[in-house]
Amino acid sequence: MYPADYRYTKQHEWIKVQGDTGTIGITDYAQQELGDVVFVDLPKVGAKISGGKSLGSVESVKAVSEIYSPVSGEVTETNPLLVDAPEKINTDPHNTAWLIKLKLADPKEVAGLMDAAAYEAYISEQAKEHSA
Amino acid sequence: MNTPAAVELRKTALNSVHRRLGAKMVNFGGWDMPLEYSGIIAEHQAVRTRAGLFDVSHMGELEIRGPGALALVQWVSCNNAAKLNVGQAHYSGLMTSRGTFVDDLLVHKFSDTHYLLCVNAGNQDDDFRHIVANNQFDAEIENSGPRYSQLAIQGPRATETLQKLTPSPLDSIRYYHFAFGKVSGVDCLIARTGYTGEDGFEIYFAPEYSEKLWADLMQAGESAGMIPCGLGARNTLRLEAGMCLYGHEIDDTTTPWEAGLAWICKMEKAPFLGSDVLAQQKQTGLPRKLVGFEMLDKRIGRDGYPVLIGGHEAGRVTSGCPAPFLKKNIGMAYVPPNSTAVGKEIEISIRGQAAPARIIALPFYKRPQ
């Protein structure tokens, strides 16, 4: 379910690092919590974003959710697919429905994030709290 | 609001059914209710084009009985219940002495001495106390919510679906009328009412039959493509249909005039609670008025966002969301009474950015006749 080569945040974003580029998206857990996604607000290419700060928002029918950047960097690309098909986030959140690509300010920042096993343990705790 | 940890949420008789269906559950007015099953958009479209089944057993029921029943209903609510025939229902407001809303409700006339009020889940206890406190008419008031489950069958194929399970001729029950009859052999109040903008029914019955009626209705609706629908779709459907929601468009600070509900506020039956204030407000003018708007770009003006007119904050969005059937982003908002013209361009402040919008006529959606 959660790709082993990605890293994850407690706010349910993922990042895939290749060299000094990070691809960022929201997790399957996040899209399930949001429900039908209808609009994505992304930063402009060239914007500098700090780790842990908002990079934009994803809106579902019922709510708007801020998206926080897992790491710091400069935006090199935003996903053009999401302009007209934001609902792709519901069907393919870990692959084609990525949000942005960043040139990483410091690739070592990634080490502070959860791996897939830790993230899965984290969301199963979250789910328990929800149903309690 | 109580925290979930501190207070046990109330559950309808169908709670375990919703969980088995994998519904996403939410705390709504202190009740553990299904927000969505297959998704708000799919459920919304099902109701607009086919049929949807909603558990609305959280809704409250209050019954007023006795020779003073009509006088009490007339005193506490703003619509004219004296005009109701037996077997007829209407939408009304439960009024404060300030002419504002304690709640909005449906009033059903069972007989000259017996009325059933269907009220909002989160308000039912306050409503009961308010009516008791204003009962100078010696009427009997029962908080009968625990005696009823309620299901809403809504959509263009609702009638054919429900008809499969009842000998009552549904075509003879006109809009905002009701009858007593059997559904799947269970005694029901069958009302042609709803909160979706579609044709359909709301049925009231003893809670022990909830699972049976849910299962039988789901089966009867299968060929029509009926699906279970949650409170998420109920909200987008009612907003598309331009209907008010308590706590959003109306509350104990808003009057029927401000909310565009003059059609349920009958001054000719005065005096009633708040009627003096309402008469005065009609004379002196309104401080604000509810309007509908559509967003002019892809952004969504949501509940609580400021409305900007000429660059200045002039009101607030009361409800705003994507309209799945109309395929645009809509909302309702209070604006100054001189800024209500259809076509007027306004802005919605979305996290500090002004997004263009335009005032449009209510309701946004009207079902084809």
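In this predicted model, three strands of chain A build an open sheet in the order S4-S6-S7, with antiparallel pairing. Its edges are strand S4 (37–41) and strand S7 (64–68) of chain A, each of which pairs on one side only. From one strand to the next, the twist averages 25°.

The pairing of S4(A) with strand S6 (residues 54–60) of chain A can be followed in detail: the two run antiparallel and are joined by 4 bridges. Within this pairing, Val37(A) stands opposite Ser60(A) in S6(A).

Chain B brings the discussion to the packing of nonpolar residues. In soluble globular proteins, nonpolar side chains tend to be buried together. Here the largest nonpolar core has 128 residues, and those with the most contacts inside it are Ile64(B), Val73(B), Val107(B), Leu117(B), Leu151(B), Ile153(B) and Ile203(B). Helix H3 (residues 69–76) of chain B supplies the largest share of this core, with 6 residues. Apart from this core lies another, of 6 residues, including Ala23(B), Met33(B), Leu35(B) and Tyr37(B).

Leu117(B) gives a local view of the packing. When its neighbours within four places in sequence are left aside, Leu117(B) is in contact with Glu61(B), Leu62(B), Ile64(B), Leu105(B) and Val107(B). Of these partners, Ile64(B) and Val107(B) are also named among the residues with the most contacts inside the largest core.

There remains the contact between the two chains. Chain A contributes 8 residues to it and chain B contributes 12 residues. On the side of chain A that touches chain B, the classes are 4 nonpolar, 1 polar and 3 charged residues.

Note on methods. Residues numbered from 1 in each chain as written. Chains lettered and ligands numbered in written order. Predicted model: local features only at pLDDT ≥ 70, side-chain atom pairs only at ≥ 80, totals over all residues. Contact = placed C-beta atoms within 7 Å. Nonpolar A, V, L, I, M, F, W, Y, C, P; charged D, E, K, R; others polar. Core = buried A, V, L, I, M, F, W, Y, C linked by C-beta atoms within 7 Å. Buried ≥ 20, exposed ≤ 12 C-beta atoms within 10 Å, placed from the backbone. Pairing = 2+ DSSP bridges. Axes fitted to C-alpha atoms, helices over the stretch in contact; angles between N-to-C directions.
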